[in-house]
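This note is written for a colleague who will work with the coordinates. Please read it beside the sequence and the structure.

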Amino acid sequence: MNTDFLVKEQVINALQFRHATKNFDNSKKISEEDFNFILEAGRLSPSSLGFEPWKFLIVQNAELRERLKEVSLGAVSQLDTASHFIIILSRTDVRYDSDYIFKHMKDIQKMPDEIMEFISNALKDTQDARGIINNERALYDWSSKQSYIAMANMMTSAALIGIDSCPMEGFNYDEVENILKEQKLIKGENWKPSVMVAFGYRKEDPKRAKTRRNLDEIIEFV
């Protein structure tokens, strides 16, 4: 059989399998090997200019999960039952001339000085054109959108190996941020929570099949 067909079929089957799991079977835990695979999918995700403006905060502490439930009404059942629970933090210090941007180019991407200057100027033009260059909230939103790419890759990778997931925005961002700062899990002012995502094994199958609009309703070739 054509191996390309097998790969395509596996991906489509995984996307059909994935659903927003509200209640996980809390007697089943994801193995360290499988969870590392999921995290690696997040780490290898694309980001604008490769700046990786995210951090994956893995919340396994039961007391912290209880506290988060008080300010995360859309995540209560997942906090109770998920094998692994992640809060994705996004950077706010992603302006073209920030220390973080230059340190990342120098230490992680190993760029020579002239390339660093070129990339910084290009990023300045992009951020200026988008009107976000002097807006900390807009810069955070820019980072946050990229964090969703990492989350999506983790969820799809999990589905490929039969692990369920659920993305969540139903929480009070300011209160979650305050709790994380109080616990010294956010240090400084350069991080804010973007989204939560839970992983584990479904307690029961979905009650109905996945529904989506037809392809011809959502695409247009021009």
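The numbered points below treat conventions, overall build, surface features and charge pairs.

1. Basis of the note. The model is a predicted one, in which local features need pLDDT of at least 70, side-chain atom pairs count only at pLDDT 80 or more, and totals for chains, interfaces and linings use all residues. Residue numbers start from 1 along each chain as its sequence is written, and side-chain values use heavy atoms, with hydrogens and water left out.

2. Overall build. The chain has nine helices and four strands; these are DSSP runs numbered from the N terminus, with helices being H or I of at least four residues and strands being E of at least two. In sequence order the pattern reads α-α-β-α-α-β-α-α-α-β-α-β-α. Along the principal axes, the C-alpha atoms fill a box of roughly 55 × 50 × 35 Å. Of the 222 residues in the chain, 42% are buried, where buried means under 20% relative accessible area, exposed means over 50%, and partly exposed lies in between (1.4 Å probe, protein chains only).

3. The largest pocket. This pocket holds about 470 Å³ of space. It is lined by 19 residues, and those closest to its centre are His19, Ala20, Pro206, Lys207 and Arg208. The search used a 1 Å grid over the protein atoms alone: a cavity is a set of points where a 1.4 Å probe fits but cannot get out, while a pocket is an open set with protein on both sides within 12 Å along at least five of seven lines, and lining residues have an atom within 4 Å of a point. Grid points are joined across faces, edges and corners, and the volume is the space filled by probe spheres set on the points. By class, the lining comprises four nonpolar, five polar and 10 charged residues. In this scheme Ala, Val, Leu, Ile, Met, Phe, Trp, Tyr, Cys and Pro are nonpolar, Asp, Glu, Lys and Arg are charged, and the others, Gly among them, are polar.

4. A nonpolar surface patch. Val7, Val11, Ile12, Leu15, Phe37, Leu160 and Ile161 make a nonpolar patch of about 550 Å². Patches consist of residues with over 30% relative accessible area and no salt bridge, with like charges joined within 9 Å and nonpolar side chains (Val, Leu, Ile, Met, Phe, Trp, Tyr) within 5 Å; accessible areas come from the Shrake-Rupley method with a 1.4 Å probe, and for residues only the protein chains shown count as cover. Helix 1 (residues 3-17) gives the largest share of the patch, four residues. Phenylalanine 37 sits in helix 2 (residues 32-43) and is partly exposed, at 37% relative accessible area.

5. Two lysines with positive phi. Which backbone values deserve a check at lysine 110 and lysine 184? Lysine 110, although not a glycine, has a positive phi of about 55°, and lysine 184 has a phi near 60°. Lysine 110 belongs to the loop between helix 5 (99-108) and helix 6 (113-129) and is exposed, at 62% relative accessibility. Lysine 184 belongs to the loop between helix 8 (173-182) and strand 4 (191-200) and is likewise exposed, at 60%.

6. The structure holds 14 salt bridges, each a side-chain nitrogen of Lys or Arg within 4 Å of a carboxyl oxygen of Asp or Glu. In one of them, aspartate 80 pairs with lysine 69, the closest N and O atoms being 2.8 Å apart. Aspartate 80 is in helix 4 and lysine 69 in helix 3 (residues 62-69), so the pair ties together parts that are 11 residues apart in sequence. Aspartate 80 is partly exposed, at 39% relative accessibility, whereas lysine 69 is buried, at 16%.

7. Glutamate 177 and lysine 181 form a salt bridge of 3.1 Å, N to O; both lie in helix 8, four residues apart, about one turn of the helix. Glutamate 177 is buried, at 7% relative accessibility, and lysine 181 is partly exposed, at 26%. Lysine 181 also forms a salt bridge with glutamate 189, with the closest N and O atoms 3.2 Å apart; glutamate 189 is exposed, at 56%. Salt bridges that share partners join Glu177, Lys181, Glu189 and Lys192 into one network.
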